[in-house]
Each structure stands twice: as structure tokens, then as C-alpha cells.
Amino acid sequence: MASLRTILSSPKAYQTAFGVFLQHSTARETIVECIKTFGLEATLKWSKNQNLVKPVRILGVGSGSGKADLLFLEIIAAQLQLKRTNSEDSLEKVDIFTRIVEPNPSEMSIFQNSVSAALPTSLKKISNVAFEWELKTFQEYSRQNHQPKGFDFIHFVHSLYYMDADTVLQQCYHKELGENGVIFCLVQTANSYFPQMMRQFQDKINFGPEDVFFYTVEELVVLAEKYHWKYHCKSLPFKVDITKCQDESSREGNLLLDFVTHQENFRQNASAELLQSMMKYLIDMSYVDEKGSRCIMGEMGGLLIYKN
């Protein structure tokens with residue numbers, strides 16, 4: 001029997017399983033809702049004492065293919081345009097400078113191609129967006145002297161897992177963020193199924209490489225309080241339909257099980273005892289919804305850190 005291998009060690013396997021996960025969960029919708037909720041709150045907080053006609057500076061860290069970034073940009077631009085419409089400021093488009101730090105070349109290429117083809121109409125109508133691309137890790141980026149600094153918004157959408165959060169957030173707060181700036185982090189909460197599973201099986205499964213840290217929002221709050229930063233956090237639930245995971249002949253079900261456990265070919269590679277233990281655990285923590293589907297609950301936690 002092959003040994004267990006974290007799915008994070010195989011980008012192709014991860015992307016395939018992740019696609020199935022999105023089809024059988026409400027995670028995508030919850031991410032969108034989180035970005036809308038926190039993007040609006042961040043913009044309202046930042047814009048209270050700002051000159052609304054000055055260019056807005058945004059730093060996206062671990063942006064991937066850019067879907068979250070574009071939504072974040074749209075929310076900020078729309079809110080600032082609305083505030084300007086209701087004031088005596090110019091009604092011209094909102095000027096936005098956004099720097100993207102992303103180490104994965106294929107993901108960055110998707111992002112670059114999407115914006116070079118056409119920005120979303122709703123964003124293009126109300127803003128002029130200039131992009132700057134940094135194909136590197138944040139650690140590599142932080143060792144170089146980039147200008148400009150003084151960002152108004154910095155965001156990490158499920159990307160802090162690949163960094164030392166303490167070091168990175170301090171770097172952003174003190175060296176990258178401007179006065180009245182806002183940092184937005186999106187991770188899972190301690191009550192979500194995955195952190196609970198990690199605690200339950202920590203001695204039996206290697207969930208990721210040593211340099212991957214599955215931070216919860218509660219752990220990020222501890223950091224914010226440690227450095228006396230002003231912050232606000234909120235959680236939003238999502239569900240994962242694991243019904244197909246019970247069918248060992250289902251390719252979809254096995255891929256979904258791979259993503260839920262973060263293991264590649266978990267059903268084939270796990271020992272009979274571990275597989276039985278995991279399936280029992282998933283059943284015990286699940287519930288049957290109104291459609292008769294068996295689901296487990298996840299929870300995303302958003303954290304806003306304010307510099308003022």
C-alpha cells in the first residue's frame with residue numbers, strides 16, 4: 001500500500017480535487033459574500049478621512065488567478081464612486097493602482113490574460129486600474145525595496161497559509177500599509193470542519209508541508225491583540241455535501257474526499273483502519289439537509305486590521 005501524500009504536493013491533483021469541492025460546496029459563494037462584506041466595511045473605514053479623488057493603492061498577496069482581487073477592486077471602486085457622487089468631489093473614474101504578488105506563474109498568467117482581454121464591465125465603467133506584477137513569494141518581495149509603499153488596502157484571501165503570518169502581517173502593517181490603511185485576511189475558523197479534522201487526526205495524517213500553516217481567524221486575532229492593532233472579525237458559514245464520498249466507486253466522491261482530507265488518493269492509500277476511522281468521523285460530524293444530502297459545515301473567518 002502506498003503511503004499517504006498531501007494533495008498540496010501535487011498542483012494538478014489539488015486543482016482537480018478543488019474543482020470538485022467547489023461543485024459540492026457553497027465555499028465559492030461564501031468567499032464572495034466575505035469579500036463583499038469586508039471589502040465594503042474596509043472601504044467605509046478607510047474613506048472617512050481620505051481625499052476621495054486621490055489614487056487608491058492596493059496590494060494583493062497570493063492572488064492566484066485574480067477572481068477575488070477583481071471582486072475586491074470592484075467593491076472598493078463602486079463604494080468610492082458612490083461617496084464621490086454624494087460629495088463635491090470630481091465624478092471622474094476612480095484611479096486605482098494595484099500590485100499583485102503571486103509566485104505561481106500559471107496562476108498569474110491566467111490573471112494577466114483576463115485583465116488584458118477585458119476588465120469586468122462594472123469595474124471598467126467606474127475606474128482606471130493600473131496593474132503591477134510581481135512573480136514571487138511575499139518573502140522574496142519583502143526583501144526588495146519596492147516603490148510606492150503606503151498602500152490603502154492589503155488583502156490575503158486564503159493565502160496566509162503559505163507564509164509566517166506573524167512576520168508577514170508585521171511587515172505589511174509597519175512597512176507596506178499607509179496611515180488609515182486596512183489589511184484584510186480570509187481564513188477558516190477553529191469551528192470549521194478542516195481545523196477540527198486536523199486536531200482529530202494530527203498524529204495519523206500529514207496535512208501539508210512544513211511551511212504550510214492552516215491558520216484560523218482566532219489565531220490571527222491573537223496576533224492582532226499581541227501588537228495592539230485595532231481589528232474587527234466576523235465569520236460566515238458554508239457547507240460541503242459529502243454524500244458522494246460514501247460511494248467508493250464514485251470518481252467525484254473520491255476526489256471530494258481527497259480535498260476534504262487534503263490527501264492525494266486517500267481512499268486508495270490510507271490503511272483500512274484509517275479509512276474507516278475517517279469515514280466514521282465525517283459521518284459523525286455531518287448532518288442530513290432538507291434535500292436528504294449528507295453535509296459537513298465549514299466556516300470562514302474574515303479579519304480586518306486597521307492602521308490609525
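## Packing around helix H10

Helix H10 (residues 251-261) packs against helix H12 (residues 272-285) at an angle of about 85 degrees, and their axes lie 13 Å apart; helices here are DSSP runs of H or I with at least four residues, strands are runs of E with at least two, and both are numbered from the N terminus. Axes are lines fitted to C-alpha atoms, for helices over the stretch in contact, with angles running from 0 to 180 degrees between N-to-C directions. H10 and H12 are therefore roughly perpendicular to each other, given that angles under 35 degrees count as roughly parallel, over 145 as roughly antiparallel, 65 to 115 as roughly perpendicular and the rest as oblique. On the H10 side Leu257, Val260 and Thr261 take part, and they meet Leu275, Met278, Met279 and Leu282 of H12, where contact means heavy atoms within 4.5 Å. By class, this contact of H10 with H12 holds six nonpolar residues, one polar residue and no charged residues; Ala, Val, Leu, Ile, Met, Phe, Trp, Tyr, Cys and Pro count as nonpolar, Asp, Glu, Lys and Arg as charged, and the others, Gly among them, as polar.

Helix H1 (residues 11-23) also packs on H10, with axes that come within 8 Å and cross at roughly 105 degrees. That value makes H1 roughly perpendicular to H10. From H1 the contact draws on Tyr14, Thr16, Ala17, Phe18, Val20, Phe21 and Gln23, and from H10 on Arg251, Glu252, Leu255, Leu256, Asp258 and Phe259. The contact of H1 with H10 has eight nonpolar, two polar and three charged residues by class.

## Basis and confidence of the model

This is a predicted model, in which local features need pLDDT of at least 70 and side-chain atom pairs count only at pLDDT 80 or more, whereas totals for chains, interfaces and linings use all residues. Residues are numbered from 1 along each chain as its sequence is written, and side-chain values use heavy atoms, with hydrogens and water left out.

The mean pLDDT (the predictor's confidence in each residue, from 0 to 100) of the protein chain is 92, and 96% of its residues reach 70 or more. Confidence in the chain is lowest in H3, with a mean of 88, and highest in helix H9 (residues 217-226), at 98.

## The largest nonpolar core

The largest nonpolar core contains 101 residues, and those with the most contacts inside it are Phe156, Leu160, Leu169, Ile183 and Leu220; such a core is a set of buried Ala, Val, Leu, Ile, Met, Phe, Trp, Tyr and Cys residues joined through side-chain atoms within 4.5 Å. H3 supplies the largest share of this core, nine residues. Not counting residues up to four places away in sequence, Phe156 touches Val61, Met163, Val168, Leu169, Cys172, Ile183, Phe184, Cys185 and Leu186.

Phenylalanine 153 is found in strand E4 (residues 151-157) and, at 1% relative accessibility, counts as buried (under 20% relative accessible area is buried, over 50% exposed, and in between partly exposed, with a 1.4 Å probe and protein chains only). Leaving aside neighbours within four places in sequence, its contacts are Ala42, Thr43, Trp46, Val56, Arg57, Ile58, Leu59, Phe72, Ile76 and Val182.

With neighbours within four places in sequence left aside, valine 157 is in contact with Ile31, Ala68, Phe184 and Leu186. In helix H3 (residues 67-85), glutamine 79 is buried with a relative accessible area of 13%, and, not counting residues up to four places away in sequence, glutamine 79 touches Leu40, Thr43 and Leu44.

## Backbone features in loops

The peptide bond from glutamine 147 to proline 148 is cis, with omega near 0 degrees, and proline 148 lies in the loop between helix H6 (138-142) and E4.

Histidine 262, in the loop between H10 and helix H11 (266-269), has a positive phi of about 60 degrees although it is not a glycine, and histidine 262 is buried at 7% relative accessibility. Asparagine 265, in the loop between H10 and H11, likewise is not a glycine and has a positive phi of about 55 degrees, but asparagine 265 is partly exposed, with a relative accessible area of 36%.
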